Amino acid sequence: MKEEKNSMVLEALVQAIPYVGGSLATIYFGRKQEKRFQRLERFYQELKDEIEIIGEQLPAISLHNPDELTAILEELHEKVETEHLEIKRKYYKEYFKNTLKQPVNGNFEERKLFLDILADLSPLQIELVIFLSKQSQPISIKNIRKPGIEQSLIIGSINRLKSYGIVETMLDSIVFGSVGSAINENVKISNFGLRFHLFCIDD
């Protein structure tokens, strides 16, 4: 509701720009609403098709806590509507399908946190979750590299994942030298991170 009100205020301000405001508002806000509708339409159509292909019998809706399920679906709907990245919308579908397969009942806090984390992660951070989920042992952070990506961005992404409890780090070594010192850490996916990966990402 607040976002809708802010959008209406912003649209009114754009319309107030002399000479061109009306045209600008029509172009931007009309297209914005159209794109949002198209995202939702495509999301639910693909979701329907995928569930039909799987042919899996879903648990009865009555097994869900209705208030908790409604809260989850309302927030998911809003996130899909505003998500620009196709890859993120793909993971929202995984989240939705697993929500239907595993009823929301007494596990609302974790499910809500999964959704919030998924919305906040960048594609690189999701790639790191996938990579770390495949490692059987902790791996040195300095050995995690991706062509074209600065190491500082990878380190920052791992720290972001750590703040959510998705990964755990442990001290490997401290190096002292004439040009400075360095702290080397190993990283592994946490048990919570594994549950997040299985529920939101792994298809």
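1. H197 touches V129, I130, S133 and D202, leaving aside residues up to four places away in sequence. The residue is part of helix α8, which covers residues 191-200. H197 has a relative accessible area of 10%. Because buried means under 20% relative accessible area, H197 is buried. The model is a predicted one, and the contacts of H197 with V129, I130, S133 and D202 should be read as belonging to that model.

2. R36 sits in helix α2, residues 21-54. Its C-alpha atom is separated by 8.5 Å from that of E83. Along the chain, R36 and E83 are 47 residues apart.

3. The packing of helix α3 against helix α4 can be described in some detail. Helix α3 spans residues 66-82 and helix α4 spans residues 86-101. Their axes lie 11 Å apart, and the packing angle is about 165°. Angles over 145 degrees count as roughly antiparallel, and α3 and α4 are therefore roughly antiparallel to each other. The crossing of the two helices is left-handed.

4. Which residues make the contact between α3 and α4? From α3 come L69, I72, L73, L76, K79 and V80. From α4 come R89, Y92, Y95, F96 and T99. By class, this contact of α3 with α4 has 8 nonpolar residues, 1 polar residue and 2 charged residues.

5. On the overall make-up, the protein chain has 8 helices and 3 strands. Read from the N terminus, the order of elements is α-α-α-α-α-α-β-α-β-β-α.

6. How much of the protein chain counts as buried? The figure is 34% of the 203 residues. The accessible surface of the chain comes to about 12,600 Å². Carbon and sulfur atoms account for 55% of that surface.

Notes: Residues are numbered from 1 along each chain as its sequence is written. This is a predicted model: local features need pLDDT of at least 70, side-chain atom pairs count only at pLDDT 80 or more; totals for chains, interfaces and linings use all residues. Side-chain values use heavy atoms; hydrogens and water are left out. Axes are lines fitted to C-alpha atoms, for helices over the stretch in contact, and angles run from 0 to 180 degrees between N-to-C directions. Helices (H or I, at least four residues) and strands (E, at least two) are DSSP runs, numbered from the N terminus. Angles under 35 degrees count as roughly parallel, over 145 as roughly antiparallel, 65 to 115 as roughly perpendicular and the rest as oblique. A crossing is left-handed if the near helix is turned anticlockwise from the far one by less than a right angle, and right-handed if clockwise. Contact means heavy atoms within 4.5 Å. Ala, Val, Leu, Ile, Met, Phe, Trp, Tyr, Cys and Pro count as nonpolar, Asp, Glu, Lys and Arg as charged, and the others, Gly among them, as polar. Buried means under 20% relative accessible area, exposed over 50%, partly exposed in between (1.4 Å probe, protein chains only). Accessible areas come from the Shrake-Rupley method with a 1.4 Å probe; for residues, only the protein chains shown count as cover.
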